[in-house]
Amino acid sequence: MFVKKHSFKIFVLVALALGSCNDLDLNPLDQISSATFWKTKGDFDKALTANYAYMQSDIWAVELPVWNCLTDDGFAQHNSGSAKEIISGSISPSTTGYVSGVYSESYKAIARVNIFLQQLNAYQNSDISDADRKLYEAEVRFLRGFYYFQLYSAYGDVPLVLEPLTLETQKQPKVAADKILAQILEDLDFAIANLNTAAYAQNGGHAAASSAQALKARVLIFSAYGNTGTPDLAVLQQVKDLAASVREKYSLSPKFEDIFRDAGQKGNPEIIFSANFLAPNNTRPWDMYYGDWLVASPLQNFVDAFECTDGLPYGVSPLTDKKEPFKNRDPRLAKTVFVDHPDFGGGKIHTPSNSRPTGYGVMKFLVPENIPYGFSTLSQQNAVTLRLGEVLLMFAEAQNEIAGPDESVYAAMKELRARVGMPPFPAGLSKAQMRERIRHERRIELAFEGLRYYDLKRWHIAAEVLNNVKDSFVPYKFEEKFYKWPLPQPEIDKSGGVLVQNKDY
């Protein structure tokens, strides 16, 4: 696939070209520099691959499950992403991990997009047609929209940088969050209008127009709830329409686990966009992190949240079996969580080298063929960024808020649950009851895919949920100000007063 092949090597080469100095003949002609790069269409193809490769950064890829350790779902025993500081309320401008990493990693990626666009605009050779030019621009603007959404959802007001910075322009002030949102939507609308219309699986690893539609739906459903948790129904109507359009091109993966295992990802009809890997040179430690090190450990309350096979809550259902708690449960439980050690059957068992603080580990992203898991394991699972399961949930959530639990809401949730043999929701639910069902379904279906922290924030229930977590190893504390993280202090310091810290920090 386009994005998989040689991504890291090309990324390094192009990074050298993007970052080299422009002084006369200081760059030897046998090395890549900005003066010797950007000479052919092939150079732009390499640079495009380098832009896609930045989606492979741990924070957007192999560490997605760690994001759920900022919620009531899991515990990060190794403190990846400074998860312990975040959940305990020790969030300050000096906090490292994700609090600073989202900012720095996003702007690094945005800088590469902006350089690409500048060079594309200046390029005059005839080997790039007008159609090629629009497609190139659409692809990198899709990526820029993704990164600005990370900044928007984490910090709110941030600098808006749309062209390469110089020594004279490097100190940038914040702009209002609504301007960041407007730019995200502008980028994604351009992408929707100009990306290929084939579904992602038929697009050779490139983003498709439907990829941009799904991402726009995610952006809008986050922004719709504002600062209060009360949704703007006009925005949710856009979410519903986008989700309906995306549904036309995709279908659910027949097997839930195929979405996350390498062998089942190629051509998977559910995947709408992913960051792609290919062994042996382009891998990430999925199996070692979650099958051996237990970087993320599911909490008991999360395990208990899975229903029994009759659709009733565990502990309420007559099918509850306390002696065999995984018996008669939603099949997604055993596909998401392992007890003590991964056991795929048929002798495919791995004994983790690290402790099991909660007694559980994350099964969802593990590949049985890679056992035994360790430093030498070459895991090439793709990081799934967007998929139809989330789109169905966004459709149902938006339509329920707009019109209540009508037939289309029930149908979307029936389709999702039927994939794993779970019964449809009971008839006669009120809007409020259906809302809670859909939110619960998001927690189960999208578990450890990095979305719940942002769900709790957009619904404005983070304090209510997180301050009531009692089964972790670190006391939880969520304050109102944490709905927006502080900007990293080093960025404030470097700006010389131009960049102003978020309030309450």
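Me: Which residue lies over the face of Phe 395?
Reply: This is a predicted model, where local features need pLDDT of at least 70, side-chain atom pairs count only at pLDDT 80 or more, and totals for chains, interfaces and linings use all residues. Residues are numbered from 1 along each chain as its sequence is written, and side-chain values use heavy atoms, with hydrogens and water left out. A charge sits over a ring if NZ of Lys or CZ of Arg is within 6 Å of the ring centre and within 35 degrees of the ring normal. At 4.9 Å from the ring centre, the residue over Phe 395 is Arg 247.

Me: How many aromatic pairs does the structure hold?
Reply: Rings of Phe, Tyr and Trp (its six-membered ring) pair if their centres lie within 6.5 Å; planes under 30 degrees apart count as stacked, over 60 as edge-to-face and the rest as tilted. The number of aromatic pairs in the structure is 39.

Me: How many residues apart in sequence are the parts tied together by Trp 67 and Tyr 454?
Reply: Their pair is tilted, 5.6 Å centre to centre with 35° between the planes. Helices (H or I, at least four residues) are DSSP runs, numbered from the N terminus. Trp 67 lies in helix H3 and Tyr 454 in helix H17, so the parts tied together are separated in sequence by 387 residues.

Me: Is Trp 67 buried or exposed?
Reply: Buried means under 20% relative accessible area, exposed over 50%, partly exposed in between (1.4 Å probe, protein chains only). The relative accessibility of Trp 67 is 3%, so Trp 67 counts as buried.

Terms used:
Helix = DSSP H or I, 4+ residues; strand = E, 2+ residues; numbered from the N terminus.
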